[in-house]
Amino acid sequence: KRSEVLTLNKKEAKLLNLLLKNAPNVVSYENIEYHIWEDLDVSKEAFKSLIKDLRKKTSKDLIRNISGTGYKIDLS
């Protein structure tokens with residue numbers, strides 16, 4: 001981020017890798033939950049917090065929410 005090197009935690013790194021591997025496609029909420037939390041029930045707050053924290057470390061516009069579907073990475 002702006003020539004700074006930032007450290008991502010394990011879940012942030014997994015999410016970023018998942019979104020990059022699937023770019024430019026949308027990754028469903030269920031798919032993210034499966035890959036990040038390994039099928040454990042996760043609260044909506046924990047899910048949103050992970051996205052929020054990753055956006056803070058990268059860019060607000062990098063990760064787009066596709067309402068009712070999931071998230072995608074916006075590399076444009």
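Two salt bridges are present in this predicted model, a salt bridge being a side-chain nitrogen of Lys or Arg within 4 Å of a carboxyl oxygen of Asp or Glu. Side chains of opposite charge can pair when their charged atoms come close. Local features are taken at pLDDT of at least 70 and side-chain atom pairs at pLDDT 80 or more, while totals for chains, interfaces and linings use all residues. Residues are numbered from 1 along each chain as its sequence is written, and side-chain values use heavy atoms, with hydrogens and water left out.

One of the salt bridges joins K57 and E12, with N and O 2.8 Å apart. K57 belongs to helix α3 and E12 to helix α1, so the pair ties together parts that are 45 residues apart in sequence. Helices here are DSSP runs of H or I with at least four residues, strands are runs of E with at least two, and both are numbered from the N terminus. E12 is buried at 2% relative accessibility, whereas K57 is partly exposed at 27%. Leaving out residues up to four places away in sequence, E12 touches T7, L50, D53, L54 and K57, where contact means heavy atoms within 4.5 Å.

The other pairing is between K14 and E38, whose closest N and O atoms are 3.4 Å apart. K14 lies in helix α1 and E38 in the loop between α2 and α3, so this bridge ties together parts that are 24 residues apart in sequence. K14 is partly exposed, with a relative accessible area of 26%, and E38 is exposed, at 55%.

Both E12 and K14 lead back to helix α1. This helix runs over residues 10–21, and its 12 residues should span 16 Å at 1.5 Å a residue; the end C-alpha atoms are 16 Å apart, in agreement. The expected span is 1.5 Å times one less than the number of residues. Buried in α1 are E12, L15, L16, L18 and L19. They cover an arc of only 160° around the axis, so they lie on the same side of α1; the arc is that of the directions from the helix axis to the C-beta atoms. Turned away from that side is a face with the exposed residues K10 and K21. The buried residues pack against β1 (27–28), α2 (29–37), α3 (44–57), β2 (63–66) and β3 (70–73).

Helix α3 can be read in the same way. It has 14 residues and reaches 20 Å from its first C-alpha to its last, close to the 20 Å expected. Its buried residues include F47, L50, I51 and L54. These cover an arc of only 90° around the axis, which puts them on the same side of α3. The face turned away from the buried side carries the exposed residues K44, E45, K48 and K56. Among the elements that cover the buried residues of α3 are α1, α2, β2 and β3.

Strand β3 holds K72, a lysine without a salt bridge. K72 is buried, with a relative accessible area of 18%. Which side chain of opposite charge is nearest to K72? The nearest is D74, 6.3 Å away, with Lys and Arg counted as positive, Asp and Glu as negative, and His and the chain ends not counted. A polar atom of the K72 side chain lies 3.5 Å from the backbone oxygen of P24. Apart from neighbours within four places in sequence, K72 is in contact with L19, P24, N25, V26, L62, I63, R64 and I66. K72 and V27 are 45 residues apart in sequence, yet their C-alpha atoms are 6.0 Å apart in space.

P24 itself lies in the loop between α1 and β1. A cis peptide bond joins P24 to A23, with omega about 5°. Most peptide bonds are trans.

Methods. Buried means under 20% relative accessible area, exposed over 50%, partly exposed in between (1.4 Å probe, protein chains only). A polar contact is a pair of N or O atoms within 3.5 Å; within protein, one must be able to donate a hydrogen and the other to accept it, and residues adjacent in sequence count only if both atoms are side-chain atoms.
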